[in-house]
Amino acid sequence: MVDPDGRLPRRREDAAVAAKLKHSGVTRRNLLASAALLITTSGASARVITKALPWRPNEADPVTPVVPGGYLFFTAGEAAVVDAIVDRLIPTDELGSGAKDAGVTTFIDRQLTGPYGGHDWLYMQGPFSSNPLPSQGLQSPLTPRQQYRQGLAALESYCKANFAGRSFIQLNADEQDKLLAGIEKGEVKFENFNSRMLFGAIYANTMEGYFADPIYGGNRDMAGWKLVGFPGTRYDYRDVMEKPNQAYALPPVGLGGRPAWGGH
Amino acid sequence: MARRLPRKDVVIVGLGWTGSILAYELARTGLEVVAIERGPWRDTAADFNIGTTPDELRYAVRHDMFLRPKQETLTMRNNPSQTALPIRKWGSFLPGNGVGGAGLHWNGQTWRFLPDDFRIRSHMIERYGESILPEGNHIQDWPVSYDELEPYYDKFEYVAGISGKAGNIKGDIQPGGNPFEGVRERDYPTPPMTQGFAQGLFTKAATGLGLHPFPRPSANISIAYTNPYGCSMAPCTYCGFCERFGCANYSKASPQTCVLPALVREPSFEARTECEVTKVNLSVDGKTATGVTYVDASGEEWEQPGDIVLVCAYSLFNVRLLLLSGIGKPYDQASDEGVVGRNYAYQTGSGSTAFFEDAKFNPFAAAGSLGVALDDYNSDNFDHGPHGFVGGASITSAHTNGRPIQYHPTPKGAPTWGSAWKKAVHETYQRVTNVGAQGSVMSYRNNYLDLDPTYKDPLGRPLLRMTFDYQDNERKMANWMADRCDEIAKAMGAKTTQINRLVGPWSVVPYQTTHNTGGAIMGSDPKTSVLNRYLQSWDVSNVFVMGASAFPQNAGYNPTGTVGALTYWALDAIFNYLKSSGPLVQP
């Protein structure tokens, strides 16, 4: 399997595997790299680059755009609670769409089905310490998927026990805000789950979804970028450097273009 | 059982800045060179395509290009009495992975250390007396001087196309440059970048305070440039996607833009990617390296014999490879003996955040090395007598990016969510800038690297264990610098400022800096160093170890300029070694 240039093949389509990985966040190129390696293991010693850059025209490493609609990880009940939480964290108001309207629940759902959701890239070998130093950072064995599944269930139990059988989504906005503030500060504790861990996960993912490129399902109509005035992926601001302290006039652009161009 | 491959003249571990430079310079003389790199091949057109690369979530937040902790991480604790735990997710620093290494995702600030930095121990004692040195310190003079390194700094700057303004050419102070810098033979290869609104305010304010601001040297280059290797670069577009990203514009110096296009044309060079070197193999007497053992992506083990082994991985992983290979005596904190892992150091960060009444800083129009700096408070450019600390910092006004997942500042005390947070974010983004101090970290008995007793990598080898905290000397220095930053921020016209001090133990959680230094340091005495002045192992003379792991302690600058200079300095020594093998320095 050596091409006329004497280089090892880089492209090998495997539709079945690609389809399986569609929502996992594994990019096409990662897949190709591993395919190339499988071919070489019986003979040469992995990928060899010599005499020419292993570059092909039109080769790039795009992510698969999120197609909104339905949920791949959340149950309908979980999605409704996440919708309600992110709507309080970043509400829709006179400054524009909030997180719920910007698609952040879909963003989180798709992230949880990918490598992030399983902490696939992190060091997850034990032993896990029960009393780490704060300076030692993440030390929980729970993946984001487990954090959401267990944390949302614990939140629902807490609400039912403390709000006369009502669910989080049945609380009014003031009650929700008060409860979220209590969870954030660690004053509200769930049974069998670290309430601050749930808040931390949703908070971080909400900020990510609200400000990430719309290609990931959140930041719809670039609501997050418009809030701060971030022009997105324009990639050339030499003109801005020539005009210090002046407002930037062009609207934002994402990896998928602009809504007006038929993109996101 | 490892399968044995044909012998090569030179075996290089890791294909980042140092590995690619040495590979090219050695291969062009006809030597058979193989570089073994554990990450993937990466190149600009395919991997940093303009249609895919400006993606904050993927690269900056999810760390797509970095070494995955699953593959290798290290454990950490703040002092020897604690139990180290694995860094499960990168935070404080971000080691690279793959061809280009950290030279691919860096910001590009490319400094020369100051002449005093290279003889800091002697210099401080001469000027202030022994008592200025902090308790428990391992501060050492470098075994090489600034003047010796000057031609090699120059070489690296011209290969990388660095944009800047000289401050001292052959002893003549240059207006607009850094008057404190060491004497240089000639100016930078390309002129400074265009600075932004904040840098204009900073320059005016600092000058008014009697300080000496200058555009900081940048590897995001200002004009089109072709380097001595024939590799061409294009002008930076101030896109604001430098650190954590590859550059789609061929504007940021990296092995990809500056070395690899020339390197791969050398017929005697070969790169093997996705192959992890597990060990440098030694002869029976332990005095000669016979080559390396590596594992390919399928888990198959190979032995690559070679006449010289050049260890060119990231600084931390150089140290681990030496420990796993039994090269040099491991450092033992309890007895304060041994050398490998000794003198690990880092960098301080402190400063002042400046909120303006009305301004449009346009933080998104930025570059990793855009900025105006001053060295009035760096190294020993000021009188340390009244302060009682060693070291200093470069102080900078910079915007490296305005990417909003990680940059949506609000004033301290503002709500963290809800409509009030939204309002605060909306009103603050354009009106805030920062004056920052990046400071030196001295070396100490209690800050070191060794092998962890508990945690292993997927191949079953012990992880590196980092024991590190900022010591009183560094806290004093960084907090004094924060006050200097605040003076400048106020003079710039800020309505309010917030001082950012160095408080609490060092934590792995917030990003600080990927300037991990020491652990395999160069020195004049084999009892206190791993390498001689030519970066050659004292113990195994055909092993040379590149990178910031060679720094005896860290200065108040980014390390890459000095890493590049040391690489070219070592290259000359390697050529000498090839003429007559053996130790280049007699212990």
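Analyst: One definition to start: two strands count as paired if DSSP finds at least two bridges between them. Keep in mind that this is a predicted model.

User: How many bridges join β1 of chain A to β11(B)?

Analyst: There are 3 bridges between strand β1 (residues 47-49) of chain A and β11(B), and the two run antiparallel. Within β11(B), Arg272(B) is the bridge partner of Val48(A).

User: How many residues does the contact take from chain A and from chain B?

Analyst: It takes 67 residues from chain A and 78 residues from chain B. Among the elements that give two or more residues on the chain B side are α3 (56-61), α7, β11 (269-273) and α11 (419-428) of chain B. By class, that side has 39 nonpolar, 21 polar and 18 charged residues.

User: Switching to the sheet in chain B. What is the strand order?

Analyst: The open sheet has 6 strands in the order β8-β16-β17-β18-β15-β21 (chain B), with antiparallel pairing. β8 (214-215) and β21 (496-500) of chain B each have a single partner strand, so one side of each lacks a neighbour in the sheet.

User: And which helices pack on it?

Analyst: Helix α7 (residues 197-208) of chain B touches β16, β17 and β18 (432-439) of chain B, and its direction makes about 25° with that of β16(B). Helix α12 (residues 472-491) of chain B touches β15 (348-355), β17, β18 and β21 of chain B, at about 20° to the direction of β15(B).

User: What is the bridge partner of Leu374(B) in β17(B)?

Analyst: Ile395(B). Strands β16 (residues 372-374) and β17 (residues 393-397) of chain B are joined by 3 bridges.

Definitions and conventions. Residues numbered from 1 in each chain as written. Chains lettered and ligands numbered in written order. Predicted model: local features only at pLDDT ≥ 70, side-chain atom pairs only at ≥ 80, totals over all residues. Helix = DSSP H or I, 4+ residues; strand = E, 2+ residues; numbered from the N terminus. Contact = placed C-beta atoms within 7 Å. Axes fitted to C-alpha atoms, helices over the stretch in contact; angles between N-to-C directions. Nonpolar A, V, L, I, M, F, W, Y, C, P; charged D, E, K, R; others polar.
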